[in-house]
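This report describes selected side-chain pairings and a helix packing arrangement. The structure under discussion is shown below.

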Amino acid sequence: MGSAVKVPPLGFAGLLSITLIAGFTLLSPLPIRAQEQSQPDGLDGLQPSGQSNETLTLPTPMERGATSPSQPTSQSSPQPEAVDPGSDPEDLRRLAADSTLLSMEAGQRLVQEAKESAAAQQYEPAVSKLQQSREIFNQLSNFHQQLYTSFTGIDNRIANSHRTLAAETAQMRDEASYELALVHSAQNQADLAVPLLIQIVGSQQPTRELGRQAYQLLGDIGFVEIVAEPTPSDPDATSEVTPEVAPEVTPEEPRPTAQQTGLLSMAAANGLMEEARQSASAEQYEQAVDKLQRSREIFNQLSNFYQQLFTSFSGIDNATAETHRNLAAETAEMRDLATYELALVHRVQNQPALAVPLLVQIIRSQQPTRELGKKAYEQLWELGFVDSPYPGGRQSSSGVQ
């Protein structure tokens, strides 16, 4: 058997050592817990020795720079009033308007940047920014118009506010459109400038400044012929000004006409028709179809543009309105003629399914009483689409030269 270990009796010093160790073991966890609680608020170490454990609790609002809750004051009691300046509703609304693309500020900023680019002859970025600004202003105008309609009869104050904003953003849209037309004109791209200017005249009316500027630019690029007339505000202008204004447009120095403005012109469309006829004579039908389709599109665009100008000037300047009405009818006639020749090419290709819709369109546009309408109906009869010829059609058509 092993011998028992004999433990010597503890003296006074041993008892004192055990007591101190036990006391240290019981007291040491307190500062550790206090340290763990204090670390989320940014405290990295323990408090200096000699301080009580109570000082290791979370920092008070006073230590964070706020008023101590234990000392209530008139400023600390209504806590919601201490609002950060950045959270003010008006500031937030303005911040939202400045930071979004769908805002008047964003559109105006793009217009300004585009003007700077155009001044430096950097036309591509100018065109891109002006197109973006037009889209923004147009969307804003439509949205405010919808809100105006929604609130009409419910809250007239809000409705009128949105009506005003719709008009204001529409004005900015037209101004951006005019700037874009100027850039296209500077690039010798009248085909792109003319549709924009037509839209401005229709939106602004010729009586407003921007509408007059847009129509004047149409004259400068040769799409319309502007004849100076006395203003109605001067009753004595008729007898005095008219003889002086007439010599400005003389046969020796004519103003450029719409036939000289590029692809969007009667000259360009007529040229395509002539090329199509030559291609058809050479049995190059695909080329003939392509050129006739392009010719139809140009004539149709021209007719629509002149019709819009006629509407804009009706009741304002009847002489100018009548001029555009005649041009609209003339280009519509040329469109139908190109359509008729396109139908003939489709018939030669044995494609009646493509020819019939074109012939029906001609009859609707020209009416069966006009010569081109009669010819279109005769083609429908020869294709077998209708059962009977136009009454007296063969006798009348045989006499057509």
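## A buried salt bridge

Asp-174 and Arg-173 form a salt bridge through their side chains, with an N to O distance of 3.1 Å. Both residues of this pair, Asp-174 and Arg-173, are buried. The model is predicted, and a search of the whole structure finds 11 salt bridges.

## Packing of helices H10 and H12

Helix H10 spans residues 266-281 and helix H12 spans residues 318-348; their axes come within 11 Å and cross at roughly 15°. Because angles under 35 degrees count as roughly parallel, H10 is described as roughly parallel to H12. The crossing of H10 past H12 is left-handed.

On the H10 side, the contact is made by Met-266, Asn-270, Met-273, Arg-277 and Ala-280. H12 contributes Glu-330, Thr-331, Met-334, Leu-337, Ala-338, Glu-341 and Val-345. Classified by residue type, the contact of H10 with H12 comprises seven nonpolar, two polar and three charged residues.

Glu-341 lies in helix H12 and Arg-277 in helix H10, so the pair ties together parts that are 64 residues apart in sequence.

Arg-277, with a relative accessible area of 34%, is partly exposed. The pairing also belongs to a network of salt bridges that links Glu-274, Arg-277 and Glu-341.

Which residue meets the side chain of Arg-347 in a salt bridge? The partner is Glu-382, at an N to O distance of 2.7 Å. This pair links distant parts of the chain, with Arg-347 in helix H12 and Glu-382 in helix H14 (residues 371-382), 35 residues apart.

Arg-347 has a relative accessible area of 31% and is therefore partly exposed. Glu-382 likewise counts as partly exposed, at 39% relative accessibility.

## Summary

Helix H12 holds Glu-341, paired with Arg-277 of helix H10, and Arg-347, paired with Glu-382 of helix H14.

Key: Residues are numbered from 1 along each chain as its sequence is written. This is a predicted model: local features need pLDDT of at least 70, side-chain atom pairs count only at pLDDT 80 or more; totals for chains, interfaces and linings use all residues. Side-chain values use heavy atoms; hydrogens and water are left out. Axes are lines fitted to C-alpha atoms, for helices over the stretch in contact, and angles run from 0 to 180 degrees between N-to-C directions. Helices (H or I, at least four residues) and strands (E, at least two) are DSSP runs, numbered from the N terminus. Angles under 35 degrees count as roughly parallel, over 145 as roughly antiparallel, 65 to 115 as roughly perpendicular and the rest as oblique. A crossing is left-handed if the near helix is turned anticlockwise from the far one by less than a right angle, and right-handed if clockwise. Contact means heavy atoms within 4.5 Å. Ala, Val, Leu, Ile, Met, Phe, Trp, Tyr, Cys and Pro count as nonpolar, Asp, Glu, Lys and Arg as charged, and the others, Gly among them, as polar. A salt bridge is a side-chain nitrogen of Lys or Arg within 4 Å of a carboxyl oxygen of Asp or Glu. Buried means under 20% relative accessible area, exposed over 50%, partly exposed in between (1.4 Å probe, protein chains only).
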